[in-house]
Amino acid sequence: MNLPVSTSSPAGLLLAGLFGLIFGILLHKGRVTDYNVIVNLFRLRDFTVLKIMLTAILVGGIGVALMMSGGLLEGWHIKEMNVLGVVLGGVLFGIGMVLYGYCPGTGVAAIATGSVHAMVGGIGMIVGGVIYALTFAWAKGSILSVGALGKLRLADATGIPDPVWWIILVPASLLVFRFLNRRERAAG
């Protein structure tokens, strides 16, 4: 299923801007535009970020699964699985998040709140994006080709059907939420 408007049309751009604004407001209301909330995740003192991410994954994943089963989506749009690229990207992302105190989404939302240090990091994200774009041909041949597994889904790799994964993941996530809430209460 596609939206009844093209994303390159004025109405599509307006919708994209509106959804982005709502997303930023929700990030701010969830307190993940606060540098201290992000940093305290890495100090294992505040699990707000983890709980928000886990909620988004569950709600989004279940929503996509329901839309797929209801025939509302045209099919899976799966990116290529490149092991070395994912590992290096994850390491760079983690280092950047620890040093910057934000992930890209929360960084942009923090810029919108007027955070000067978020803006400095935002400039760094743009510079990093330009460097990646300029070196993509090299990265594609030297990094993305190592451990290239093609379009791979968890259900395909394990042979476990999607509904079974959801039967496992939802209760496991609820247990993680319970553990995190107890840990936060114990820490005061």
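In the predicted model, three aromatic pairs are counted among rings whose centres lie within 6.5 Å. One of them joins Y35 and Y102, whose ring centres are 6.3 Å apart. The planes of these two rings stand at 65 degrees, so the Y35–Y102 pair is classed as edge-to-face. Y35 belongs to helix α2 (residues 35-42), whereas Y102 is placed in the loop between α4 (83-100) and α5. The pair therefore ties together parts that are 67 residues apart in sequence.

The protein as a whole comprises nine helices and two strands. Read from the N terminus, its elements follow the order α-α-α-β-α-α-α-α-β-α-α. The C-alpha trace spans about 45 × 40 × 40 Å along its principal axes.

Helix α1 covers residues 10-29 and contains 20 residues. From its first C-alpha to its last, α1 reaches 28 Å, close to the 28 Å expected at 1.5 Å a residue. After α1 comes R31, which has a positive phi near 70 degrees.

Two helix pairs were examined for their packing. Two packed helices are described by the angle between their axes and the distance between the axes. Helix α3 (residues 48-69) packs with helix α9 (residues 162-187) at an angle of about 160 degrees, and their axes are 11 Å apart. Because angles over 145 degrees count as roughly antiparallel, α3 is roughly antiparallel to α9. The crossing of α3 with α9 is left-handed. On the α3 side, the residues in contact are T48, L50, K51, L54, T55, I57, L58, G61, I62 and A65. These meet W166, L169, V170, S173, V176, F177, L180, N181 and E184 of α9. Classified by residue type, the contact of α3 with α9 has twelve nonpolar, five polar and two charged residues.

The second pair consists of helix α5 (residues 104-112) and helix α6 (residues 116-134), which pack at about 135 degrees with their axes 8 Å apart. This angle makes α5 oblique to α6. The crossing of α5 and α6 is left-handed. Helix α5 contributes P104, G107, V108, A110 and I111 to the contact, and α6 contributes A118, M119, G122 and M125. By class, seven nonpolar and two polar residues make up the contact of α5 with α6, with no charged residues.

Conventions. Residues are numbered from 1 along each chain as its sequence is written. This is a predicted model: local features need pLDDT of at least 70, side-chain atom pairs count only at pLDDT 80 or more; totals for chains, interfaces and linings use all residues. Side-chain values use heavy atoms; hydrogens and water are left out. Axes are lines fitted to C-alpha atoms, for helices over the stretch in contact, and angles run from 0 to 180 degrees between N-to-C directions. Helices (H or I, at least four residues) and strands (E, at least two) are DSSP runs, numbered from the N terminus. Angles under 35 degrees count as roughly parallel, over 145 as roughly antiparallel, 65 to 115 as roughly perpendicular and the rest as oblique. A crossing is left-handed if the near helix is turned anticlockwise from the far one by less than a right angle, and right-handed if clockwise. Contact means heavy atoms within 4.5 Å. Ala, Val, Leu, Ile, Met, Phe, Trp, Tyr, Cys and Pro count as nonpolar, Asp, Glu, Lys and Arg as charged, and the others, Gly among them, as polar. The expected span of a helix is 1.5 Å times one less than its number of residues. Rings of Phe, Tyr and Trp (its six-membered ring) pair if their centres lie within 6.5 Å; planes under 30 degrees apart count as stacked, over 60 as edge-to-face and the rest as tilted.
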